[in-house]
Amino acid sequence: MYVIGISAYYHDSSVCLFKNGELVFACEEEKFTGVKHDYRFPTNALKYIYEKYNIKRKDVEMVCYYEDPKIKMERVKNTFFKNFIENPIPIAKTLIKTKYNYWSLNRELKKLSDKVFYSKHHDSHLYYSYYTSPFKECVALSVDGVGEDETLSVAYVKGDSFRILPLAVYPHSLGLFYSAMTSFLGFKPNEGEYKMMGLASYGDPEPYRKKIERLLVHNCVSLKSNMIYFTWDRKDLMFDEELIEMMGIENRLPEEDITQEHKNIAASVQEKYEQVLFEVLKDVHIFSDSNNLALAGGCAYNGTANGKIKENTNFKKIWIPPAPSDAGSCIGACLNYFHKQKKPVRVNTNPFLGPSYSNEEIYDVLKTTKGIRFKKYDNITGVHDEISMELKKNKIVGWFQGKIEFGSRALGHRSILANPTSPNMKERINKVIKKREGFRPFAPMVLFESQKKYFKSGDFVPYMNQVVKVNEEYVDKIPAVIHIDGTARIQSVTPYNDMYPLLKRFESITGYPILLNTSFNIKDKTMVLTPQDAMDTFLNCEIDILVMNNYIIRK
């Protein structure tokens, strides 16, 4: 029997599939459509699993949805009646859109099954974070923009016993505060937050610290957003003139240059986010004897803050799943369902859960593509040997292997790889391949057994979700993967990861068990899914070599 999980209608629409209690598939809709953060009902991802697994209606035990649309509708209605007179048009538009999504969701779910389980939004986050973790007991914290009405929730977990408590409700939100300031700096909310996080390292928080302090107050597990300055509950925009006047600077437009003032604002916002997060974690820890933390929600992608949790709180072990935002909640909804059925399921921690493609399917693309030459190896060892030498020569490699990653991080199956020791590599990839802002850093994948030699962390960080300090003696040795503040967002690699032998081979010829790893895509495009996607990207940017399974392709 199959249990299907679905997340949709906000951002990062996704689908997962459990077969006889085992997670066998998970993928975002955006990887099929090419629309970044696609929020629409995941028609293409569903079509893929129905065809691949030959699923019939009678085979579906339950369809699990990641939030409760009835509670969400009530929140939107309450907001409508509260603010309609002041701002009738944007409030009415939000209500109409929510009602349409509600109707559309019911229609689409009925096509799949008459049996539907609705998991509350933050419950989905919390169950996903715990049941993918190595912990038998922990504190789980969910931090995001907004679910149905909650924006911050905690779960105290022992074995299969959950005690879930809301900590903040809409419109008060740590996540929406961060998104609003992302918008203030000219980046797109629900997409550009990582840009502000990267920009923060270039700024000084002091000039704007007192002003940013006015925007958010946390005291004894009470979180309040200052809604004098924010308008996400009553307008299309997340802020208006009150915020601009208080900040004493115009909000940046997307096409405008980034100034030192913008960098300072980013630094102050990041500092405030971290301050509140650590205060919340200290508060929730008081009511638990566990030093284990499972973190989920879209804010769990803030690797800079995540890397500082241990030194600023009493938590000693931290777990963050590979897709902590709404995408991962399709899995969390199913885990909630299994828990309610008293059949709790521990999920394998393999992040490679999407479609894969055979050598035959790859060859079909190669034989019809002009302007390339390619070679097929009998085994992957030969590929590792040749590519290691090319990486040493500072060649940039598009790497396409096996099942695509679930989540927004490329972890070695849809990656762009490069030599971390090259002093010009970061600038080169940002400028001529990714075609993005020059301040954006790249992440190192590193052999876990050698990690402490290069980085001030002995923690296992398999999903690239913590930023840590680089050991001082190596700051100048691996410049391509180090941020301006001497930090790096690490990915720990063990023999269970397919990238392990490539890193070992690169180490044998360079002395460094590290590679620059970034997602296989260019600006404003989604991560490549198919061999044709990979080929099109390869031919339209300055990647030197493309590897697909056992094939090495050159222009």
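Biologist: What is the relative accessible area of Lys235?

Modeller: This is a predicted model, in which local features need pLDDT of at least 70 and side-chain atom pairs count only at pLDDT 80 or more, while totals for chains, interfaces and linings use all residues. Residues are numbered from 1 along each chain as its sequence is written, and side-chain values use heavy atoms, leaving out hydrogens and water. Buried means under 20% relative accessible area, exposed over 50% and partly exposed in between, with a 1.4 Å probe and protein chains only. Lys235 is partly exposed because its relative accessible area is 32%.

Biologist: Which residue does Lys235 meet in a salt bridge?

Modeller: A salt bridge is a side-chain nitrogen of Lys or Arg within 4 Å of a carboxyl oxygen of Asp or Glu. At 3.0 Å from N to O, the side chain of Lys235 meets that of Asp240.

Biologist: How many salt bridges are there by this rule?

Modeller: One of them joins Asp233 to Arg234, with the closest N and O atoms 2.9 Å apart, and both of these residues are buried. Lys36, Lys188 and Glu191 are linked in a network of salt bridges. By this rule, the count of salt bridges is 28.

Biologist: How many residues apart are Arg428 and Asp544?

Modeller: Arg428 and Asp544 form a salt bridge, their closest N and O atoms lying 2.9 Å apart. Arg428 sits in helix α16 (residues 425-433), while Asp544 is in the loop between α19 (531-539) and β21 (545-548); such helices (H or I, at least four residues) and strands (E, at least two) are DSSP runs, numbered from the N terminus. The pair links distant parts of the chain, and the separation in residues is 116.

Biologist: How far does helix α15 reach from its first C-alpha to its last?

Modeller: Helix α15 covers residues 380-392, which makes 13 residues. The expected span of a helix is 1.5 Å times one less than its number of residues. For α15 the expected value is 18 Å, and the helix comes close to it, reaching 18 Å.

Biologist: Which residue caps the N-terminal end of α15?

Modeller: A polar contact is a pair of N or O atoms within 3.5 Å; within protein, one must be able to donate a hydrogen and the other to accept it, and residues adjacent in sequence count only if both atoms are side-chain atoms. Here a side-chain oxygen lies 3.1 Å from the backbone nitrogen of Thr381. The residue that caps this end of α15 is Asn379.
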